[in-house]
Amino acid sequence: MELISILNLAYLIASILFIIGIKQLAHPKTATRGNLLGALGMLIAVVATLFDREILSYEWIAVGVLIGSVIGIILAIKIQMTAMPQLVAVLNGFGGIASVFVAGAALQLSIPKYATEVNYQEIVSIVFSAIVGGITFSGSFIAFGKLQGFITEKAVRYPGDQLVKILVGLTAVGLGVYGCMEPTDESIYWILSGVSLLLGIFLVIPIGGADMPVVISLLNSYSGIAASATGFVLNNNVLIISGSLVGASGIILTQIMCKAMNRSLTNVLFGGFGAVATEMKDDGDFYSGKVKSTSAEEVAMLLDVARSVVIVPGYGMAVAQAQHTVRDLYQLLTARGIDVTFAIHPVAGRMPGHMNVLLAEADIPYDRLKEMDEINSTFENVDVVIVNGANDVTNPLAKTDPKSPIAGMPILDVGNAKTVVVIKRSLSAGFAGVPNPLFIADNCLMLFGDGKKATQEMIAALKES
């Protein structure tokens with residue numbers, strides 16, 4: 001059997017493993033196995049590629065594999081679950097810039113051939129890799145900066161920002177067309193890559209923190225599309241297939257996130273046409289004299305007589321690394337015969353599925369996790385809701401203020417419960433940057449403190465009751 005046939009067979013097996021792996025990622029019970037199958041498929045694809053006849057030297061490949069493996073091991077050990085969205089953004093960016101460099105290298109090798117005959121499929125793919133890869137890289141690192149706090153979480157807008165994006169986008173398209181017409185001019189490719197990097201910045205910087213889950217999903221899709229385009233450049237089947245899978249799944253996830261926020265993708269990317277960023281002014285009276293604070297002992301008394309409890313996890317819980325303590329509270333309440341469930345908002349946290357991952361890490365039974373659409377109609381029958389660090393996803397302004405950054409976003413209707421206990425460090429605004437009227441509702445009690453420490457105090461008080 002020829003080497004090319006063996007390579008294609010290996011790529012086919014790898015692609016099948018990718019597809020099965022993605023399918024199994026759809027459920028927590030099979031997600032670990034799906035992840036392992038995907039990793040096995042990637043291992044097969046990489047090993048098969050190392051037998052390619054066009055490889056001239058393995059020394060630099062070995063160095064790259066060693067460096068990448070060390071970095072990957074360190075990240076896997078050191079990165080906290082709270083920083084996972086930032087890590088995903090960085091990985092998306094690296095995938096994008098890899099496509100830019102690989103396509104650029106392919107162009108260098110092909111320029112002598114283009115002097116006599118141009119392969120338009122190849123040159124169009126190269127140009128496409130530069131545009132999408134460049135946008136993915138810079139856009140992902142802007143998203144990383146917003147998530148990490150290096151860049152303001154607010155939507156950065158200025159007069160004419162939409163026009164600037166349009167002009168830079170048209171410039172990228174024009175350079176791409178010219179690059180296809182003059183494929184022997186390598187400088188055009190790198191200029192195009194630079195303009196694409198600039199476009200990525202202009203596209204993501206105006207997007208506010210509340211829309212970050214959508215942005216992360218979309219950039220993940222971009223990284224897959226860029227990889228698939230590079231597969232056409234290299235005539236590599238597994239790169240085309242795997243990139244297409246990532247691109248398609250990212251787009252589907254983006255649509256799911258937009259639906260969960262009652263927003264269109266166009267609104268997320270280009271909302272506020274002509275708007276200028278403004279600060280929401282707080283006159284100091286929004287919360288003044290209206291907030292009812294409580295203690296762990298008082299909450300314990302409420303829980304002691306409760307028959308049903310719903311816990312709403314949020315980013316504050318993640319920051320406090322309180323998921324294991326929340327599990328201990330869940331087990332204590334369940335042992336007392338109390339029905340405990342977890343209300344999961346699709347965009348809680350900083351990326352899709354963030355809360356699901358945290359609770360799975362703490363071994364919370366999956367059947368106790370209820371999606372927003374399933375649980376919203378039941379809140380009026382709930383005795384106590386404990387909101388641990390969630391803010392925007394419980395904010396009634398989404399329904400009452402059409403000018404709010406979260407206007408129209410479906411929320412968890414926790415205010416319909418008999419009593420709501422909100423665990424929060426302070427009355428500071430959430431990622432969307434707006435106050436939360438829930439905190440001054442008649443049935444709401446504020447338990448100020450760290451999500452983990454406050455939960456531990458509640459557990460201790462319950463054991464003494």
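## Helix H8 and the residue after it

Asparagine 235 comes after helix H8 and has a positive phi, near 55°. The model described here is predicted. H8 covers residues 212–234 and has 23 residues. From its first C-alpha to its last H8 reaches 33 Å, close to the 33 Å expected at 1.5 Å a residue. Of the 23 residues of H8, 18 are buried, so the helix is largely enclosed by the rest of the structure.

Asparagine 235 itself sits in the loop between H8 and helix H9 (237–260). Its relative accessible area is 61%, so asparagine 235 is exposed, the cut-off being over 50%.

Most residues other than glycine have a negative phi. Asparagine 235 is not a glycine, yet its phi is positive, about 55°. Glutamine 321 is another residue other than glycine with a positive phi, near 50°.

Glutamine 321 lies in the loop between helix H12 (315–319) and helix H13 (323–335). With 38% relative accessibility, glutamine 321 counts as partly exposed.

## Transmembrane regions in the record

An unreviewed UniProt entry places the feature "transmembrane region" at residues 6–22, 34–51, 57–77, 89–111, 123–143, 187–207 and 239–258.

Residues 34–51 are 89% helix and 0% strand, with end C-alpha atoms 26 Å apart. Residues 239–258 are 100% helix and 0% strand, and the end C-alpha atoms of that span lie 28 Å apart.

On the surface, Leu9, Leu12, Ile13, Ile16 and Ile20 form a nonpolar patch. Together these residues have about 410 Å² of accessible area. One of them, isoleucine 16, belongs to helix H1 (residues 3–24). Isoleucine 16 has 42% relative accessibility and therefore counts as partly exposed.

An α-helix has 3.6 residues a turn, so residues three or four places apart point the same way.

## Histidine 345

Histidine 345 is in the loop between strand S2 (339–344) and helix H14 (354–361). Its relative accessibility is 2%; because buried means under 20%, histidine 345 counts as buried.

Neighbours within four places in sequence aside, histidine 345 is in contact with Ala260, Met372, Val393, Met409, Pro410, Ile411 and Leu412. Alanine 83 is 262 residues from histidine 345 in sequence, and their C-alpha atoms are 19 Å apart in space.

How values were computed
Residues are numbered from 1 along each chain as its sequence is written. This is a predicted model: local features need pLDDT of at least 70, side-chain atom pairs count only at pLDDT 80 or more; totals for chains, interfaces and linings use all residues. Side-chain values use heavy atoms; hydrogens and water are left out. Patches are made of residues with over 30% relative accessible area and no salt bridge: like charges are joined within 9 Å, nonpolar side chains (Val, Leu, Ile, Met, Phe, Trp, Tyr) within 5 Å. Accessible areas come from the Shrake-Rupley method with a 1.4 Å probe; for residues, only the protein chains shown count as cover. A salt bridge is a side-chain nitrogen of Lys or Arg within 4 Å of a carboxyl oxygen of Asp or Glu. Helices (H or I, at least four residues) and strands (E, at least two) are DSSP runs, numbered from the N terminus. Buried means under 20% relative accessible area, exposed over 50%, partly exposed in between (1.4 Å probe, protein chains only). The expected span of a helix is 1.5 Å times one less than its number of residues. UniProt positions are given in the numbering used here, feature names are shortened, and annotations may be inferred rather than shown by experiment. Contact means heavy atoms within 4.5 Å.
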